[in-house]
Amino acid sequence: MNVFETVNGRLFMDGVDLAELAAEFGTPLYVMSRSVIDDRIAELKRDFTERYPNARAAYASKAFLCTALCHIVDEAGLSLDVVSGGELFTSIRAKFPAERIEFHGNNKTRAELELAVGYGVGRIIVDAPGELDLIEDVVGSKYGHEQKSGDSLCAPSNDVAYRPRVLFRVNPDVESDTHDHISTGHGNSKFGFSYDSAELFDLIGRAIRSNIVDFEGIHFHVGSQLFTNDSRLAALRRALGILKEVKIRYGYDTPELNIGGGFAIRYTSDDDPRPFGFYLEPVMREVEEYCAAEGLKPPAVVVEPGRSIVGEAGVTLYTVGAIRETRADERKGNGSLRAPDASAQSARKFVAVDGGMTDNIRPALYGAKYEAVVANRADKPATEVVTVVGKCCESGDRLIEGARLQTVAPGDILAVYSTGAYGYSMASNYNKLPLPAVALVENGKARLIVRRQSYEDMLSRDLPL
Ligand SMILES: Cc1ncc(COP(=O)(O)O)c(C=O)c1O
């Protein structure tokens, strides 16, 4: 079955009439397709976790997280990558198995680590100087161990009630072909330890000798929305070099290598993402060949896809409101007339919707591109070129520049495609706009998985003077 179908001019998703859904639940409304999420997870399993004996996948929950999604990920048997106390708390509330939680973050607080340790998360990815000490201290305080001195050689002991497995996030110093804001593996990134630093190897040695944590492995994530594998493979070679060095220095085979997420998705018809296997088959070959050549025990390889699981599963529905056209000679903010270039000559049609940068910050943040359709007139040709804007008091609140749309009028329902990732999870209450609801559609049925924030919800933390 096709996820999207047009019946009598109306756009359906997983058998649900989207304009009708907008009428039922109101707009803006995030709509997530269960079938797309399931298909993406099925592809990940086919291409990776079921294809290779030593492969594991953790869903990167920062892309989209709510209780229902924790349940979907749990049922699918994936692990869950969380990066904050809030994401962790959501997974705890959803009773996500602790053993399958991986706790990330470049600046974890003691309170967050206490929550993680208290719940017994399976893995903690150490990202910053001082973090290993903090973890050992938190585990020690909770479980009554003496805090271990960093330099003393402690014999591994099995008398520990809970030993978090730790990985170290490394900065592989590679450039990725993606927007600067979502490129994370270059030398100036705020994440991780330099791949060849003495600090990294000292910390690994300490973790290997620790009687409080278990050294589990190395992690890197080079960036997001990557169409090619180049930077991932370059980082992989550096990470494999670390495994070799760990073996030489400490005689230890690193159990796990986590290569992050970042697999590209289709936001617009210009995007041509590849299946998981396209990226992961070369990774697995490289790991196998390198380890065979260097006499290393091949590590388990872990991936952390976020947007590639949920991005294309989501659309955002808006109600169209004000529509206005600018004059060709419209003045610029500084009072000077716009330069007489081609764009200045053409009038612009602004189509305003009842959401905007509050429910999708990505266009304003890094020029992300989207496509849309008038959901109640989806069979008509897209004859208009418009700028879809939000209702926030920022002129940068533009959702789509140059959107090709059907004739559009106030009251129409606009569906913006591929908004399942980093929309809801990055949403804000700017201008005191309430957060939208999230509906899950499946086999012709829809239900809310996150209810709309009310004005009362929004003010529930305000205290009087
Ligand atoms: C450490 C880590 N893992 C996984 C991801 C998920 O990336 P994506 O949603 O592009 O797959 C991110 C994204 O920021 C990340 O920082």
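Predicted model: local features only at pLDDT ≥ 70, side-chain atom pairs only at ≥ 80, totals over all residues.
Strands here are DSSP runs of E with at least two residues, helices are runs of H or I with at least four, and both are numbered from the N terminus; two strands pair if DSSP finds at least two bridges between them. E1 and strand E2 (residues 10-13) run antiparallel, joined by four bridges. Glu5 faces Phe12 of E2.

A word on conventions. Residues are numbered from 1 along each chain as its sequence is written. Local features need pLDDT of at least 70, and side-chain atom pairs count only at pLDDT 80 or more, whereas totals for chains, interfaces and linings use all residues.

I turn now to the helices. Helix H7 (residues 198-209) and helix H8 (residues 230-250) have axes that come within 11 Å and cross at roughly 60°; axes are lines fitted to C-alpha atoms over the stretch in contact, with angles from 0 to 180 degrees between N-to-C directions. Phe201, Ile204, Gly205 and Ile208 of H7 make the contact with Glu245, Val246, Arg249 and Tyr250 of H8, contact being C-beta atoms, placed from the backbone, within 7 Å.

Finally, the ligand. It is surrounded by 18 residues, the closest being Ala60, His221, Ser224, Gly261 and Gly306; near denotes a C-beta atom, placed from the backbone, within 6 Å.

Key:
Contact = placed C-beta atoms within 7 Å.
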